[in-house]
Amino acid sequence: MARDDGSLDNDYLHYPHRHHGYDHDRYDWSMLSERPPVTWPGDKTLAVWINVSLQFYPLNQRGVPFKVPNGMTMPYPDLRHYSLRDYGNRVGIYRLLKALAHYQVRPTFAINAQLAEQTPYLLERLMAFVNSEGGEFMCHGWNMDHLHYGGQDRDEEAEIVGRSVATLRKLTGQPIRGWLSPAKHQSWNTPELLAEQGIEYCADWVNDELPYAFRTDNGPLAMMPLTTEIEDQFVMCQNLHSEDAWVDQVKDAFDFLVEESRQQGGRMLALNLHPWLVGQPHRIACLEEVLGHIAGHEAVWQAPAGEILDAFQAQAGGAR
Amino acid sequence: MKEVLDAYGYWPYENRPKITWPGGARVAFWVAPNIEYYELDPPQNPQRKPWPTPHPSVPGFSIRDYGNRVGHQRQMALLDKFGVRGSISLSVALCEHHPEIIEMCRERDWEFFSHGIYNTRYTYGMSEAQEREMIRDSIETIHRHTGQACAGYLAPALSHSERTLDLFAEVGQEMFGERAGLYTCDLFHDDQPTPIQLRSGRRFVSVPYSLEMNDTIVYAVNKVEPRHYLKMLKRHFDRLYAEGAESGTVMCIPTHNYQISCPHRIKAFEEALEYITGHSDVWVATGREIASHYLEQHYDQALADIAGRAGGTQHHADRG
């Protein structure tokens, strides 16, 4: 495509996928506001998915093919980032669980399978929470340094996906229907490998505010977009906004979606949280403020991702 | 490579000939929605990587797709509400991929101008013939799908050659005479339109487009909080409105449907539009209207002033 001298051959002006729809065939082109309206159980208009990402960032980070955001940045051993992320699993999550229980939130716990394996106390506590308060587990890959990427050996990736899903199913005794890739990064094969493992929905593609159907060579997958732009880590760690500004943004997003859902039909707010971040003593009250704003609102149906998907797919407007 | 860009000479802001806008307005206000298509697996360019991670770079692709699936109609509804006709900076392949969007904008008599074929195909490394062909393709595509003779240009992903402005003006003129190839959005040197010097000597202007108010620069590069963006937009407008009493100024809000239309950001945009269009002496215009007015009413006087100003280094008429 590019010549040695930096000039381009004429293929660079060749556009083989310039046609209606997309330059790929993973899903159909469709605009949100043009779709048949959906409603949520209890005639609610806004489905709220509170996602708690439980993550293990290895100290010996390989960084292949890139350093995962929020991972190790210092020369080995990067004790500061390792332990600060570990804080979430030791301390932060227990603050979150209190807040979630207080506001009667039924969360989706997206957990790295290795973390589930190496911290049985934490996993049992999360399982007890799901049993008593409600909620769901989703597979968040093996760990935060096991990224899925184009060029990755297919067998290697298949082994990671298979091991992650199987480990979590075995440890939790739950079906594990959903998948969130570390850093939401995928290879060309990831959707096929997920479908192969019986995964029903994936949260990686943040291109919508409702579930939608996604094709794989191994059968259909549903995409459940887990919004990046109002994630705690995106707003506070990538954009470096204050926790107060994060509260404003989540409230503004919520208020807007409530209004739009009343006018145009059901919408979904997906809020991803990280215990190592919002579980800090100076931030937890901000999470509580957000949950207080959302929970109990008359327009809201708060549910785990899998239940939202079920409600969506049960409706004509949500048919695959 | 040149040390000094020769597209324009030094021309101080103070003491210029007075610009008058239609209706005696102080500020010509325009909104330039970038409606873009980023390819999932674009070819490599030797000077710029289209995506930061191995393809498929799902996070980057999917949020841009969000703009077209979800964001566009939200932005369009607001522009309708405040009586603003968008001037679209268009990845023209969108005419083929998502003609439904083009049709909605065409019905509203919005302006379409060229932003290249795809925002993942860069000008870097193109021969003059290749760049000319790319520009011709873009103008032809806009005409075929909208009937418009393309007046303006913003190079794809702001990737330029030394010939970009010359080629756009020449190809536009060859294809549609004085109806096309009239203005560029690629230069950020001024708050008023300015004459641009071309190798052809053709009458051609820069219309202020503003990187500083560009939502992607504000949000993704400068990491600004949404509510602060509103403050910036108001301050920007207030000063240009005040100065516009002396001589007309231009304010542009360049937008991206995947930034401005996110639920946590759209309120800032709405309030800015309400504020700006709520002022009496504002000419709500399109890029073409501003360029045409300037070319007809002020261009010749500006050339004479530039030539006559003390310390001026270049005389337009001297260039061959």
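Of the 320 residues in chain A, 51% come out as buried (20 or more other C-beta atoms within 10 Å of the residue's own, with C-beta atoms placed from the backbone; 12 or fewer is exposed, in between partly exposed). This is a predicted model, so local features need pLDDT of at least 70 and side-chain atom pairs pLDDT 80 or more, while totals for chains, interfaces and linings use all residues. Residues are numbered from 1 along each chain as its sequence is written, and chains are lettered from A in the order in which they are written.

Chain A has 10 helices and 9 strands (DSSP runs numbered from the N terminus: H or I of at least four residues for helices, E of at least two for strands). Its radius of gyration is 20 Å, close to the globule rule's 20 Å for 320 residues, so chain A is as compact as a globular protein of that length (C-alpha atoms are used, and the rule is 2.2 Å times the number of residues to the power 0.38).

Turning to the interface, 43 residues of chain B are in contact with 51 residues of chain A (C-beta atoms, placed from the backbone, within 7 Å). On the chain B side, α1(B) gives the largest share, 9 residues. By class, that side has 19 nonpolar, 13 polar and 11 charged residues (Ala, Val, Leu, Ile, Met, Phe, Trp, Tyr, Cys and Pro are nonpolar; Asp, Glu, Lys and Arg charged; the others, Gly among them, polar).

Over residues 67-174 of chain B, the chain is 54% helix and 9% strand, and the end C-alpha atoms are 34 Å apart.

Note on methods
Two residues are in contact if their C-beta atoms, placed from the backbone, lie within 7 Å.
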